[in-house]
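Here is a short briefing on one protein model. Please read it alongside the sequence and the coordinates.

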Amino acid sequence: MMDKHPFFQLSATPQLIILPYENRVLMANDEACLLLGLSLSEIRQTAVTYFFSADVPELIAFTEKVLAQHKGYAEFMLKLKNEDIQVGIHARSVVMGDIAHLLLSLNKIAEQKQRDDFKEIQNYYHSGIGYWNYISHIFQDFERENKLLLDAAGDGIYGVDKSGSTTFLNPAAERILGYKASELAGKNMHKMVHHSNADGTHFRDEDCPIFEAFRDGTVHKIEDDVFWTKSGKPIDVEYTSTPIKDKGTVIGAVVIFRDVTQKKSDHKKLLEALNEVETLKNKLEQEKAYLQEEIKSDFNHHNIIGKSAAIQHVIRQVSLVAPTDSTVLITGESGTGKELIARAIHEMSLRSKHPLIRVNCSAIPADLFESEFFGHVKGAFTGASSDRLGRFELADGGTLFLDEVGEIPLNLQGKLLRVLQEQQFDRVGESKTRHTDVRIISATNRDLKQLVNQGLFREDLYFRLNVFPIESIPLRKRKEDIPILTQFFLQKFSLRTKKHELKIPISELKNLQAYHWPGNIRELENVIERQVILTQGDTLRFSHLIASPESHFVEAKNAEPHAILTKAQLVKKEYENIISALKACNGKVSGADGAAELLAIKTTTLYSRIKKYGIDCRQFKTANDA
């Protein structure tokens, strides 16, 4: 194999062996790996056309020509990691094992030109022409041979000899600097265009990076400097100074520069814009902090907002029980903020750095109860494709909030009681007993004591949960908090809708306080959000609320407020309320204009009631459609 031939690997020329019909590299020598900046394995994994992506059609035609004529030469753009370079390729076809291979030898065009130039320099030198005349010829030849490039280049280009005298100037440099080439020829370029710093102070020759290139023989790239035009105006420039050498001795430099005045101006404007954005951001954050500070006043305790005696009593209870690990049972109607109370207890507890995990007990199917609470291992049951953590593991070290705990089926309550008492459990499908450290806070809108009496809730679980009871007060019993709550929700939705000028007259606040609020704080929040969206002016009105269908519905439901109803009457009343709501909503339960919204209760709670009473919602839709 050619790739094993010592001359292939030791060649100073980058070489590739390719399989043209498979579009892949079979072998690359060390010089080729160095040129491409890739390892041999990386090169082999890369299509040949990737390296010549700029000239693929020409490469295909060249390949066919070499396969037919056995050898050839062409020039292509070669794609490297960070740049594209022009290379000359000498190619030869080789057949090995009935398979056609191509041997490619790559030469950088620029390096080849340098070698040619060097040969020409030697010819000049050995022809007996004087040294300084020879240097002049170098620059003259450089200008002549690159005339098309110099004329077409958009960047300014000029040459200087080792004394700093100008040897040539391209048209772009004339345009940028305002000088004709004849005006600068033979003159010290530094003294003409580089004599001063941006602030006007003198720029010494010995500090000039262009002159520094004469001393150290390396390329100097400067991104922030100024040149001075013929009119005396400074321009921002970035430039590269490349030394020109003769047999290792620097004889001058070629400087390529670019006017970046507009670029720096745009950059300055961008910085100013970013600073302005940062200023506005800080202002908005301050305004947000101010609003939050206003909300978090004496009437806002961990988002429990209010100044009424009833809510202050709740806050005192929260403050007393939060530092302990006691189990808390929060009772109250839907929409009164039971979850807020639970979060306030958690945030004020020693467990606040750990998670508060909420479980909606009414939404968990009976057959998934154990998996949801205790987790399962892979293969424990059909569909258990991987291990899954239960809520008790997720809440370890923190708080587990059992919302709507009264909805847990009786046959599953014992399993919950065990883990509450022993603080240990088993994942479904696993015999290993795991320990957990969680605090339990539960909430319900049902009378658990009554459920115990009815045999629907375990008494031992009830006592385990009801260590420290807190009642979440309905809004109709704390109407003095309605103005504060209203202002809180108004600020919230004004920011969200970008309606910052909205206000609520005192008369409208009285309308809000006169309403029954069967949906409690959740209903108040929804009413404020709806009015913020609907209001066209700057004043919110709520007079329609008293005459709304919901109001009449509530009034009918609350008729004869002094009548004492039996358990059977209460059940019948609840059933009739649900039926009336479903009829009014055409059988729709959730979402806007649904029965849950009309009754101002959670959708999950209503579904639970519907299931409890065996109500078929479809009959109402059918009846209405008929």
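Which residues have the most contacts inside the largest nonpolar core? They are Phe373, Phe392, Leu400, Leu402, Leu416, Ile440 and Phe457, in a core of 29 residues. The model is predicted.

**Nonpolar cores**

- Another core lies apart from it and has 28 residues, among them Cys33, Leu38, Leu104 and Leu106.
- Ile440 is one of the residues with the most contacts inside the largest core. Beyond four places in sequence, Ile440 touches Ser326, Thr327, Val328, Phe392, Leu400, Leu402, Leu420 and Leu465.

**The parallel sheet**

- Five strands make an open sheet with parallel pairing, in the order β14-β17-β20-β13-β21.
- The edges are β14 (356–360) and β21 (468–471), and each of these pairs on one side only.
- From one strand to the next, the twist averages 20°.
- Strands β13 (residues 328–331) and β20 (residues 439–444) run parallel and are joined by four bridges.
- Thr331 has Thr444 in β20 as its bridge partner.
- Helix α14 (residues 309–321) lies across β13, β20 and β21. Its angle to β21 is about 155°.

- How many residues of strand β6 (residues 156–161) are buried? The count is six of its six residues, so the strand is mostly covered by the under 20% cut-off for relative accessible area.
- In a regular strand, side chains alternate between the two faces of the sheet.
- In β6, Gly156, Tyr158 and Val160 point one way, while Ile157, Gly159 and Asp161 point the other way. Both sets are buried.
- β6 pairs with strand β10 (residues 249–259) in the antiparallel sense, over six bridges. Ile157 stands opposite Ile256 in β10.
- β6 also pairs with strand β7 (residues 166–169), again antiparallel, over three bridges. Gly159 stands opposite Phe168 in β7.
- A hairpin is formed by β6 and β7, with four residues between them. Gly164 in that turn has a positive phi of about 95°.

**Ser105**

- Ser105 sits in strand β5 (residues 99–108).
- Ser105 counts as buried because its relative accessibility is 15%, and the cut-off is under 20%.
- Its side chain makes a polar contact with the side chain of Gln15, at 3.1 Å.
- Leaving out residues up to four places away in sequence, Ser105 touches Thr13, Pro14, Gln15, Gly88, Ile89 and His90.

- Most residues other than glycine have a negative phi.
- Lys498 has a positive phi near 60° and is not a glycine. Lys498 is in the loop between α21 (482–497) and α22 (506–514).
- Is Lys498 buried or exposed? Lys498 counts as exposed, because its relative accessibility is 68%.
- Asn520 also has a positive phi, of about 60°, although it is not a glycine. Asn520 is found in helix α23 (residues 520–534).
- Asn520 is buried, with a relative accessible area of 0%.

Terms used. Residues are numbered from 1 along each chain as its sequence is written. This is a predicted model: local features need pLDDT of at least 70, side-chain atom pairs count only at pLDDT 80 or more; totals for chains, interfaces and linings use all residues. Side-chain values use heavy atoms; hydrogens and water are left out. Helices (H or I, at least four residues) and strands (E, at least two) are DSSP runs, numbered from the N terminus. Buried means under 20% relative accessible area, exposed over 50%, partly exposed in between (1.4 Å probe, protein chains only). A polar contact is a pair of N or O atoms within 3.5 Å; within protein, one must be able to donate a hydrogen and the other to accept it, and residues adjacent in sequence count only if both atoms are side-chain atoms. Contact means heavy atoms within 4.5 Å. Two strands pair if DSSP finds at least two bridges between them. Axes are lines fitted to C-alpha atoms, for helices over the stretch in contact, and angles run from 0 to 180 degrees between N-to-C directions. A nonpolar core is a set of buried Ala, Val, Leu, Ile, Met, Phe, Trp, Tyr and Cys residues joined through side-chain atoms within 4.5 Å.
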